[in-house]
Each structure stands twice: as C-alpha cells, then as structure tokens.
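Hi,

Here is the structure I said I would pass on.

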Amino acid sequence: MGDGAGGPGQSGGPGQPRVRLAELVAALSLGIDLGFGQPMEHVLRQCLIALRLAERAGLAEQERAGVYYTALLVNVGCHADAHEQAKWFGDDIAMKSGKYAHELRSVRGMLAGMRMIGAGNPLLLRFRVGLEFAVSGHREVDGMISQHARLARTLAEQLGLSEQVREAIGAAYEQWDGRGWPGVLKADAIPIAARIAQLAEFTEVAYRVQGVAGARALARARSGRQFDPGLAALLLAKAEDILAGLETVPAWQAVIAAEPTLAVELSAGQLDGALTAIANFVDLKSPFTLGHSVAVAELAAEAGRKLGLAGEKAELLRRAALVHGFGKLGVSNSIWDRPGPLSAGEWERVRMSPYLTERMLRQSAALAPLGEIAMQHRERLDGSGYPRGLSGAAISRLARVLGAADVYQSMREPRPHRPARPAEDATAELRAEVRAGRLDGDAVEAVLAAAGHRTPRRRTALAGLTAREMEVLILLARGMSNKQIASQLVITPKTAGNHVEHIYAKIGASSRAAAAMFAVQHGLLPEDEIAVPVA
C-alpha cells in the first residue's frame, strides 16, 4: 500500500487511531470463522500456528509476511457461491463446517457431501434436488473450490498485498500429492506460504477438538498426501512447542502484534478502497445484495451532506455504511435467499446479523466506532428493531441516517420474495415508517432528497460485451438460470445459454460468482441509479 505511515491523510482523524491493514484483515477473518461454522478466532489461531511453523522452518522475515496474510485470507472466497451451496446442500454454513471431518477427496468425505444434497427440504423436493444435481448441478459445484482461490487472490490484489501473497492464496487448496484444487501444482512447486497455511488451518481444528495428540495424528495421517512431509515432520517433532498456550492466548492482540515487517498503516484513501473492496466481496454472498453496501454508502453520504455532516462524522457515516453488512457472513443463505416466510428461529439468526458485524470490528480501536454505528442500523425509534431493541435517543444520529438509507436501497433492489420496488413505493414506505414512529423523519427526508438527485448509470461497452450480453450478465449475476433469463428477456433457453458462454469467455470467468464480481466492479450492479453530490 504505497502511501506509507505518518503525515496527513491517514485513516484516523485528529486524535483518532489509525487503521492497520492487519486489523482490517483480522476483522474479516472473524467473518470467515462464522461462515465455516467455527468458533470466532479460529482463523486467528491458525495464523499464530502458521507463524510458529514458519519461524521454526527458518523462513526469512519477508517470507513470514507472506505466511501471515495467506493464513488470514486462505478461505475468504468460500462464501462467494454460498447461494449455490445452499441451493444444493441446504445450509451452506453447515456444509462448509464439515470440511474438517473427513480427508479431502476421500470417499467418506464425498459420501457425507452427497447425504447433504437437498437437506432441509421435504422428501419429495429433496429427491427432485438430488435428481437435478445428478443431471446438471454437479457441474456447477465441480469448480467451486478452485474458484474460491481465484476470488481470494482478487481480493488480495485489491487490498494491495504483494504478488508473493497473491500467488500463495491462489494456491491455497493445492495438495502436496498434486490432488488439490485446481490441481496444477504439487510438492515444492506450491508456494511455501500456502503449504504452511493449509497445515496450520487443519491443525487448529484438530488441536481444538482432540488436543496435541489429535494434531499429531492428523499430521501423521496426511503427510505426503495433503501436507508437505517436511512441515508435517516439523509439527510432529515440536507439537507441544508450536501449540503451546493457544487456548488461552488473546488471539486478536497476539496476531496484530505478530505482523511481520513494518506495520502497514492505511491512508484515508487506502482505507476507503480497502473497505469498498471488502464490502463488495461480502455482498457476493447473495445474488440479491450485489453492490448493496457501496450503494448504501453513496446514499448515506449524500444524505449526511444534506444534514450538514462534515469532516470526521461524514467519514464515520460513509465507512459504517460500507461495513454494515459484514455480519451477513454468519447467516446461512438458506435464510437470506429463501423466497418464502422464515421461521421464528430463522428470524432470530437474521436479527443477530448487526451484532455479528459489531463483534467482528470491536476489537480494533480504529474500527470499533464503525461497528457501533453499523450495529444500530436495524434499531427503530419505537424499540421494535434489533439486535438490542434500542429506542429514541439511544440510537445515534448517524445510525438513523444509515438505517433509512439501508431501508430505501433494499427496497430498490430485488429480494427472493419480491422484485425491486419502484422509487415512489420506497418513498411512501419510508414516510409511513416515520409516521409509525420507527424511522427518524429528518434522516428519511435527507435520504429521499439524496435519492432524488441520483442519475442513471451509464452502461458503456465492457470487455467486448454487447448490450444484450450486459443484460444477460446482470440476470446471471442475480442468480437466474438460463431458463429464467430466457423468460425475462423473451428469448429461447438455448440462446440464453449461448450468451452466458460468450460472457464467460469475454470476461474470463467460469462461475456466477466471478461474473457477479465483474458486474459489481464495473458498475452494472446494483441496477439502480448512482448518487451525485449536490452543491
């Protein structure tokens, strides 16, 4: 990240703590834990194990820096196709939590996955899902793991991490015996940071569940297959030393303090860029929220200007809007993407999402204020909101603006149970919420005034895509099948399929998630207008 530390333009304002890149990535890692059904700080502990392995393996300081960020980001792409995971396996988080129960590519692991197909559905529907999976769905799933590594590499690039880190993250699922994903590297050709991070990841789970003996048994059983035999031997020889104190060490403080080389402090511009990149990445979790957080941030920022917010408060509002959806990582897409009503238990999980956002950010003194605002954005003035049922003056002014902006933007986007609502419907709904005493009137009017000054997005030629292909790309990114795209555009399913193939070839993608990332990065999503500051 080129600006370096010190001087004007740093991420913290006067008297405010500055944000280190390590803090931001560590906070994101807590969301990765949630998405895998693991206890929070699982990734932080695997990072500590990886650093201890790297040190005992004699890696130089620069190499240890590569290990550090690779260990923190190794699974960051695994939520990107959670929509497809939930479609085939029921609960995407439960499905991913089984990763550590069986050896990768083992028969037992494959059988466990097969048993989850259609989970959560009535018997007849589960049979239909299984049949559809056997006919065509397996092709959708085949390339998922390789795609996770490619998307994680993209995020690492957007965060300004070194080519060394990007290469290691891109090879994070390769195995020593060459039977990993995408299966193009083996043995010493796999970057050392990737080999260490993978061993550390599985070791953390084995040690947490079965102690030192379990960690040793894992290393011994998979040495020379999944794991580098030299690193596995190192763990076997020094397990007590490498794993000492992991269950009691304050993982957050230890990981932040252990960042190799000079700590990278983000300038204001770098922080905004990093938060935007992560926000877009988190929003990939559901095809119904693509680009949502950035759109809310644009709307809230303009509303804040209309309310006279400036300087530090304006920055807090915009950045809180960028992070307000981080907690979505901890809720299954079987809930987020369900077209029908939710049960009481499922609603309770939804109501936890803002709390999870705050929980991810609160250990960083620099990020905690953003988490506090984001946590309140679903609270309501009459006490009917969540997660804490705050009311009246207990809800901050910035959270009131963020809450109004989020409600408006959400209504302007499609959801599983309804299409996008027209601007006039969203306007009427927000004003009805004010009359009912739930939303702040000043915040709502500022948001509506900001929305009234949006201008239509201009679609220019991208990667050689035709106008029709851009239409298809948007629908594809939103999770529609070829049949649904055909119905929407009044074309045949075969024509829709041809368009999809051409789109993939032109943009260099091979999955809906990658296509969705392309569409968001190039301003095709969300489909609504963009906010323009008004003097």
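Let's start with the cysteines: the sulfur of Cys 78 has its closest cysteine sulfur in Cys 47, 17 Å away, which is too far for a bond. The structure has zero disulfides, a disulfide being a pair of cysteine sulfur atoms within 2.5 Å.

Some housekeeping: this is a predicted model, where local features need pLDDT of at least 70, side-chain atom pairs count only at pLDDT 80 or more, and totals for chains, interfaces and linings use all residues. Residues are numbered from 1 along each chain as its sequence is written, and side-chain values use heavy atoms, without hydrogens or water.

Helix α14 covers residues 292-306 and spans 21 Å from first C-alpha to last, close to the 21 Å expected (1.5 Å times one less than its number of residues). It is largely enclosed by the rest of the structure, because 12 of its 15 residues are buried; among them are His 292, Glu 302 and Gly 304. Just after α14, Gly 308 has a positive phi of about 85°.

Phe 127 is exposed, with a relative accessible area of 56%.

Cheers

Notes:
Buried means under 20% relative accessible area, exposed over 50%, partly exposed in between (1.4 Å probe, protein chains only). Helices (H or I, at least four residues) and strands (E, at least two) are DSSP runs, numbered from the N terminus.
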